[in-house]
Amino acid sequence: MSLLKFESGPVGLAVRPRVAVAVLALAVTGCAALVVSVSLGTYAIPVGDVLGAVLGTGDGAAGLIIHQLRLPRALTALLVGAAFGLAGAVYQAVTRNSLASPDLIGIAAGSGAGAVTAILIGGVTAAGAGTFGAVPFGALAGALLTSAAIYLLAYRDGTITGYRFVLVGLAANGALMALTRWMLARADIDQASRAMVWLTGSLNGRGYEHVQWSGLALAVLMPLTLALARPYQLLQYDDDTARSLGIPLRHSRIALLVLATCLTALATSAAGPIAFVALGAPQIARRLTGTAGIPLVTSALTGAVLLILADLAARVVLAPTELPVGVLTGAVGAPYLLLLLARANRAGKGG
């Protein structure tokens with residue numbers, strides 16, 4: 001229950017029952033979705049056999065399908081979704097703007113440009129994007145450089161505003177997407193086709209090396225983010241409140257943005273720039289918990305559940321044809337983005 005204190009209010013001291021229920025429900029849903037995702041497919045496996053194969057007591061055919069194909073993919077979906085959800089929560093809270101999602105403001109595009117550079121220069125395959133190789137470091141470098149550029153361009157008079165941050169990010173997003181297209185146009189056709197599959201956002205072909213990389217990175221970044229829960233919560237209100245309570249405003253904001261950028265690079269390097277998970281998860285989490293601010297842990301769990309359900313739907317809805325999960329999240333997320341824009345206009349925050 002100790003993690004729930006990060007969800008409860010401006011200083012995170014009391015645990016609200018609704019928060020506890022939401023976290024428990026999301027955790028159960030995520031576990032259930034994991035089992036169903038491993039069970040369903042062209043070759044359906046009963047749930048009992050799934051549990052037996054995971055425990056090492058199942059038959060050879062089921063065990064091969066589960067361990068070589070479905071389980072690492074489902075686990076990667078959970079970890080990547082959690083990273084996207086947590087990153088989206090930090091960006092939206094720090095900028096106080098519900099549209100400040102890494103896939104809209106250029107961070108994911110910067111990560112993608114860095115990763116594509118690694119794919120094209122290093123000659124690695126898109127399926128190897130989550131391994132300890134050039135691609136994760138390329139994604140991280142691209143994301144950090146983009147984030148630093150956006151922050152510096154949006155910084156005015158000692159502070160940044162969410163509206164200016166989003167506008168600068170949108171401009172950066174367009175420029176980086178154009179740069180990526182230029183690199184693909186000049187690349188060898190085989191390398192360009194591999195990079196294009198990865199840029200769509202896909203969990204196909206993910207193995208335990210992706211689970212290990214994503215799990216290790218998330219195990220480091222998530223505790224560091226939760227350690228900054230108090231400045232995170234206070235930055236959602238206003239700068240004067242944070243200063244009056246002794247929060248080092250500039251340093252806290254930079255630290256949180258760096259962590260969110262690293263989380264975005266982690267998720268992007270493992271699965272590609274999957275759209276709208278980071279945008280929708282924090283808003284859904286806030287409605288589930290009923291909190292005034294954006295909850296951290298619940299946002300991560302919501303992102304994990306959203307991505308594994310989206311990947312399951314992408315595999316089975318049009319079976320035997322399999323859609324890249326990024327195509328499905330983009331199709332569902334676009335109307336949600338329009339809804340957010342309409343709400344912002346009605347509230348007088350649309351610019």
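Ala 175 counts as partly exposed, at 48% relative accessibility. You'll find Ala 175 in helix α6, which covers residues 162-186. Keep in mind that this is a predicted model. In it, Ala 175 and Ala 109 are 66 residues apart in sequence, yet their C-alpha atoms are 9.0 Å apart in space.

**The chain as a whole**

- Of the 351 residues in the chain, 52% count as buried.
- Take the contacts between residues at least 6 apart in sequence: 76% of these join residues at least 24 apart.

**Around Asn 173 in α6**

- Asn 173 also has its place in helix α6.
- Is Asn 173 buried or exposed? Its relative accessibility is 13%, and because the cut-off for buried is under 20%, Asn 173 counts as buried.
- Leaving aside neighbours within four places in sequence, Asn 173 touches Asp 103, Leu 104, Ile 105, Gly 106 and Ala 109.

**How α5 packs on α6**

- Two packed helices are described by the angle between their axes and the distance between the axes.
- For α5 and α6, the angle is about 135° and the axes are 9 Å apart.
- That makes α5 and α6 oblique to each other, and their crossing is right-handed.
- On the α5 side, the contact is made by Thr 146, Ile 150, Tyr 151, Leu 153 and Ala 154. On the α6 side, Arg 164, Phe 165, Val 168, Gly 169, Ala 172 and Leu 176 take part.
- Sorted by class, the residues in this contact of α5 with α6 are eight nonpolar, two polar and one charged.

**How α5 packs on α11**

- Helix α5 (residues 134-154) also meets helix α11 (residues 249-271), with axes that come within 8 Å and cross at roughly 145°.
- The crossing of α5 and α11 is right-handed.
- From α5, the residues involved are Val 135, Pro 136, Ala 139, Leu 140, Ala 143, Leu 144, Ser 147 and Tyr 151. They meet Arg 250, Arg 253, Ile 254, Leu 257, Val 258, Thr 261, Cys 262, Ala 265 and Ser 269 in α11.
- By class, that contact of α5 with α11 has 12 nonpolar, three polar and two charged residues.
- An α-helix has 3.6 residues a turn, so residues three or four places apart point the same way.

**A look at Ser 147**

- Ser 147 sits in helix α5 and counts as buried, at 9% relative accessibility.
- Which residues does Ser 147 contact, leaving aside neighbours within four places in sequence? They are Tyr 91, Ile 107, Leu 257 and Thr 261.
- Two of those names, Leu 257 and Thr 261, also turn up on the α11 side of the contact with α5.

**How α1 packs on α13**

- Helix α1 (residues 17-39) and helix α13 (residues 296-316) pack at an angle of about 25°, with their axes 9 Å apart.
- What does that angle say about their directions? α1 and α13 are roughly parallel to each other, because angles under 35 degrees count that way.
- α1 passes α13 in a left-handed crossing.
- α1 brings Val 23, Leu 26, Thr 29, Gly 30, Ala 33, Leu 34, Val 36 and Ser 37 to the contact. α13 brings Thr 298, Leu 301, Thr 302, Val 305, Ile 308, Leu 309, Leu 312 and Arg 315.
- By class, this contact of α1 with α13 has 10 nonpolar, five polar and one charged residues.

**Helix α12 and the residues beside it**

- Helix α12 (residues 277-289) has 13 residues and reaches 18 Å from its first C-alpha to its last, close to the 18 Å expected at 1.5 Å a residue.
- Buried residues in α12 include Val 277, Leu 279, Pro 282, Gln 283 and Thr 289.
- Gly 290 follows α12, and its phi is positive, near 70°.
- Phe 276, in the loop between α11 and α12, has a positive phi of about 75° although it is not a glycine.
- Phe 276 is buried, with a relative accessible area of 16%.

**Another positive phi: Arg 96**

- Arg 96 has a positive phi of about 55°, and Arg 96 is not a glycine either.
- Its place is in the loop between α3 (60-95) and α4 (107-122).
- Arg 96 is partly exposed, with a relative accessible area of 35%.

How values were computed: Residues numbered from 1 in each chain as written. Predicted model: local features only at pLDDT ≥ 70, side-chain atom pairs only at ≥ 80, totals over all residues. Heavy atoms only, no water. Axes fitted to C-alpha atoms, helices over the stretch in contact; angles between N-to-C directions. Helix = DSSP H or I, 4+ residues; strand = E, 2+ residues; numbered from the N terminus. Parallel < 35°, antiparallel > 145°, perpendicular 65-115°, else oblique. Left-handed = near helix turned anticlockwise from the far one by under 90°. Contact = heavy atoms within 4.5 Å. Nonpolar A, V, L, I, M, F, W, Y, C, P; charged D, E, K, R; others polar. Buried < 20%, exposed > 50% of the residue type's maximum accessible area, 1.4 Å probe, protein only. Expected span 1.5 Å × (residues − 1).
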